[in-house]
Amino acid sequence: MAAEQFSAVEVIRTKRDGGELSNEMIDWTIDAYTRGVIAEEQMAALNMAIYFQGMHRAEISRWTNAMINTGERMDFSALADPSGRSLPTTDKHSTGGVGDKITLPLAPLVASFGVAVPQLSGRGLGHTGGTLDKLEAIPGWRAELSNEELFAQLSTVGAVICAAGAGLAPADKKLYALRDVTATVEAIPLIASSIMSKKIAEGTGALVLDVKVGSGAFMKTEAMARELAETMVNLGADAGVNTVALLTNMDTPLGLTAGNAIEVQESVEVLAGGGPEDVVELTVALATEMLAGAGISDVDVRAALNDGRAMDKWRAMISAQGGDPDAKLPVARESHTVLAPAEGVLLKLDAMDIGLAAWTLGAGRARKEDAVQAGAGVRLHVKPGALVRRGEPIATLLTDTPEKMERAIELVQRAILIGSDSDRPDMRLILDRICAN
Ligand code: URA
């Protein structure tokens, strides 16, 4: 057996003492961990050292590359439409939030401008929902596609939302599971390399990151979200992917729905030229960035929502994956409406509490093998900033498991804060735009 180039203890000690890991050390660490030579407890100690000591830009870049090299790399450079016109690719990643259904209208909207969108997505865990769980509320729709099916659909329809295969950066799966049980998920170099290794391996030409800030997000403060966004856009730039990030507010849910079928329904409203203004605003802003990254500017993005072009793409995208875009969506068996406890301005509808309520009602899962309820969730009747009267409906809770209702009602009641006009919160949705430096 060949001798190992380094010892895990040497790598851990270097980082623990604030040193910089060399390229060789990083390549060896990721490879040796994947091979099982570095034990779980040693990787846990290294993650904790990274959490406290951080990493330089060059270290994070090398770490990300080493993770990419553990798996396959997709290549869309030969992608062309049926007439042979080559297709640029562009993608979006959100760091996760409550009611974040933006991918659903966004992918067909961008594709309606002749840019291909390979949107490889995941399922939800915890209080934030998963894009695939939402789309699986549509009867017949299929998340798992082979690489051949993915390429064929991108060429003919231009938009695909499907499950990311297990072959992209497999080291991340092992590392993420370890971080999850050792309180090291929150280390910015580790979050950034985890997200970007999968996105770079996916092979998109341009990437837009929606980095959420607030109670319902990973990053609770703007300063932390900004640091994460800057780290990720620099990683994208170092890998030759045209990357920008928007910092967006996640103190309150996006739109008026948090759940699966109800979020699909709201997305279809947006594709039909309606829907809540915050969902439309963010969809249009992200689409504009994605198109600019693919070299298309000076286009009227909103017009494609209003004139049916994005809806046509949606219908083609859903049908291509076996779904029936006209099918009736599942409806929960039980509902309960929470009323305003007082009169005044609705100052807060806390995203985390609403997300937890939707999850409790059955829209999300506690363990990755759990099933989700398509019809469960929370439908909001008002948004923060609205004037409400005592007894006016604030939110309707939906579930097939009524025994969950009481806990969810408590969470929604806790989410509500009513006060006076002078305490109105900052209602901006898009807080900043971050480019590589
Ligand atoms: N999402 C990821 O894919 N990885 C992280 O580390 C955090 C969020």
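For the classes used here, Ala, Val, Leu, Ile, Met, Phe, Trp, Tyr, Cys and Pro count as nonpolar, Asp, Glu, Lys and Arg as charged, and the others, Gly among them, as polar. By that scheme, the lining of the largest cavity has five nonpolar, twelve polar and two charged residues. This is a predicted model, where local features need pLDDT of at least 70 and side-chain atom pairs count only at pLDDT 80 or more, while totals for chains, interfaces and linings use all residues. Residues are numbered from 1 along each chain as its sequence is written, and side-chain values use heavy atoms, with hydrogens and water left out.

**The cavity**
- There's one cavity of 30 Å³ or more (on a 1 Å grid over the protein atoms alone, a set of points where a 1.4 Å probe fits but cannot get out; lining residues have an atom within 4 Å of a point).
- The largest cavity has a volume of about 140 Å³, counted as the space filled by probe spheres set on the points.
- Of its 19 lining residues, His 127, Thr 128, Gly 129, Ala 358 and Ala 363 are the closest to the centre.
- Helix 15 gives the largest share of that lining, four residues (helices are DSSP runs of H or I, at least four residues, numbered from the N terminus).

**Helix 11 against helix 14**
- Helix 11 (residues 261-271) and helix 14 (residues 309-320) pack at about 140 degrees with axes 8 Å apart (axes are lines fitted to C-alpha atoms over the stretch in contact, and angles run from 0 to 180 degrees between N-to-C directions).
- The pair is therefore oblique (under 35 degrees is roughly parallel, over 145 roughly antiparallel, 65 to 115 roughly perpendicular, the rest oblique).
- Val 264, Val 268 and Leu 271 in helix 11 meet Ala 310, Met 311 and Trp 314 in helix 14 (heavy atoms within 4.5 Å).

Conventions
Helices (H or I, at least four residues) and strands (E, at least two) are DSSP runs, numbered from the N terminus. On a 1 Å grid over the protein atoms alone, a cavity is a set of points where a 1.4 Å probe fits but cannot get out, and a pocket is an open set with protein on both sides within 12 Å along at least five of seven lines; lining residues have an atom within 4 Å of a point.
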